[in-house]
Amino acid sequence: MQIARYIEAVPNWQHHRADAHDELVQSLMRLVTAHPPGSLHPRGGLFFGPLSIAYLLLRLHEWYPDLRFGVGNRTLRAWASEYRQKAVVHRRGPLANQCGVIDEAMTSLALEAAFDRNVNAVTQFVKWANAVADSEEAGNEWLYGRAGTLYFVRLIRRHWAETPSITQPLDLVASKLIKRIMEAERPWTWYDTNYVGAAHGTIGIITQIVLTRPSTASELQGELRAILDAQISDSGNFPAALPAGRRERLVQFCHGAPGVINSLMSLRDYFPNLREHIDVAIQKGQECTLKLGVLTKEPCLCHGSSGNALALEGEAFECLINHTTAPMMARMEQEGVWEPSDNPEGLYTGEAGRAWAWAVADQQLEKRYLGYNDL
């Protein structure tokens, strides 16, 4: 028997409202206990695996510099260092067919360039990014393609913002990457499919381009309007691909309303001519996400309740994220509701993503996906 895609959300009044900080700490403890440094194969980039955990911990350190937990009572940054040391990647260049955020070597180099402020790492990253731009094999989407490389450019630039000798080559390679993406045949495809969503599709590409270079927004109005027009009128969801088919039932970050409307939340100010249309799309997509967003897949950012919660605001956000508390997780696991993740540690596939969502709730941060549109 095929498992249902979602369960009906339990309103907040039927269970205790979670203490976001306590849930965050519990999530971090589970992360370092169940998936300690050295226990994970170095693969997955920012999407899953040890470097995805390291990136989460490095970013959380910005808001929780004094937080200590786990073996040795270590800080977040100390834990991140352990995960990075145990995930050494030796490669002479990027893999053209997976140069996005899932590329382990590109991720490792970007973290070194940004958080260690290593000039040699910046130089090497720019060289690799130029190779990605020049490659005829490289795709254009976020997870495996050039759009993901643009996220790394923004990450490194953030840490060198006051150093023109560093930001100038980063800006040049960003322009080159964007030019190659913009010159590619439209619609952009991944494995010959015109995907819509954040991970592999047009909205993800638009988001990475515009957040990197806002001046390009006017050139992308047509593509964004096509996505808005593709919203399914009766449900508020977005199809996984165009033309729409059976997969229009997916309601998650990678395919469906949550990823699209969260991207629109980042983009609306750059598209003043479409703002009214965007606001209507967000409202309809949020209604769909609240209704169908408590997925039967293990809560995570890519395809689970944690990621879907980030597409919502107020009580709707609380409703979905409260389905990822420790007691709720234990209950659903005991009842056999959740479909377990293949990579239960990951930022987009498991516990690290749950921790990010709880940090967003605890710090009342903008609802954004770490590694996608937080920068």
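Me: Let's start at the tail end. Where does Q364 lie?
Reply: Q364 lies in the segment after helix 15, which covers residues 351–363. Keep in mind that this is a predicted model.

Me: Is Q364 buried or exposed?
Reply: Q364 counts as exposed, because its relative accessibility is 71% and the cut-off for exposed is over 50%.

Me: And what is phi of Q364 near?
Reply: Phi of Q364 is near 55 degrees, which is a positive value in a residue other than glycine. N73 also has a positive phi, of about 50 degrees, and is not a glycine.

Me: Okay, where is N73 found?
Reply: Look in the loop between strand 1 (68–69) and strand 2 (74–75). N73 counts as partly exposed, because its relative accessibility is 42%.

Me: Let me zoom out for a second. How many helices and strands are there in the protein?
Reply: The protein has 15 helices and four strands. Along the principal axes, its C-alpha trace spans about 55 × 55 × 40 Å.

Me: What radius of gyration would a compact globule with 375 residues have?
Reply: A compact globule of that length would come out near 21 Å, and the protein has 20 Å, so the two agree.

Me: What percentage of the residues is buried?
Reply: Buried residues make up 58% of the 375.

Me: What about contacts between residues at least 6 apart in sequence: what percentage join residues at least 24 apart?
Reply: That would be 71% of those contacts.

Me: And the charges? How many are positive and how many negative?
Reply: There are 36 positive and 42 negative charges, and their mean positions are 4 Å apart.

Me: Back to the details. Which residues of helix 10 are buried?
Reply: Eleven of its eleven residues, 257–267, are buried. Among them are A257, P258, G259, V260 and I261. You will also find N262, M265 and L267 in that buried set.

Me: What covers them?
Reply: The cover for the buried residues of helix 10 includes helix 8 (202–212) and helix 9 (221–229). Helix 11 (275–292) and helix 12 (305–309) are included as well.

Me: Next one: where is E298 found?
Reply: E298 is in the loop between helix 11 and helix 12. This glutamate is buried, because its relative accessible area is 12%, and buried means under 20%.

Me: What does the side chain of E298 make a polar contact with?
Reply: One partner is the side chain of R354, at 3.2 Å. A polar atom of the E298 side chain also lies 2.8 Å from the backbone nitrogen of S341.

Me: Which other residues does E298 touch?
Reply: Leaving out residues up to four places away in sequence, E298 touches several residues, including H303, M329, W338 and P344.

Me: Now N140. Where is its place?
Reply: N140 is in the loop between helix 5 (119–134) and helix 6 (146–159). N140 counts as buried, because its relative accessibility is 11%.

Me: And which side chain does N140 make a polar contact with?
Reply: The N140 side chain makes a polar contact with the side chain of R146, at 2.8 Å. Setting aside neighbours within four places in sequence, N140 is in contact with residues including I181, A184, W188 and I205.

Me: Last one: how far are the C-alpha atoms of R331 and A138 separated?
Reply: They are separated by 43 Å, with the two residues 193 apart along the chain. R331 is in helix 14 (residues 326–334), and R331 is partly exposed, because its relative accessible area is 41%.

How values were computed
Residues are numbered from 1 along each chain as its sequence is written. This is a predicted model: local features need pLDDT of at least 70, side-chain atom pairs count only at pLDDT 80 or more; totals for chains, interfaces and linings use all residues. Side-chain values use heavy atoms; hydrogens and water are left out. Helices (H or I, at least four residues) and strands (E, at least two) are DSSP runs, numbered from the N terminus. The radius of gyration is taken over C-alpha atoms; the globule rule is 2.2 Å times the number of residues to the power 0.38. Buried means under 20% relative accessible area, exposed over 50%, partly exposed in between (1.4 Å probe, protein chains only). Contact means heavy atoms within 4.5 Å. Lys and Arg count as positive and Asp and Glu as negative; His and the chain ends are not counted. The place of a charge is taken as NZ of Lys, CZ of Arg, CG of Asp or CD of Glu. A polar contact is a pair of N or O atoms within 3.5 Å; within protein, one must be able to donate a hydrogen and the other to accept it, and residues adjacent in sequence count only if both atoms are side-chain atoms.
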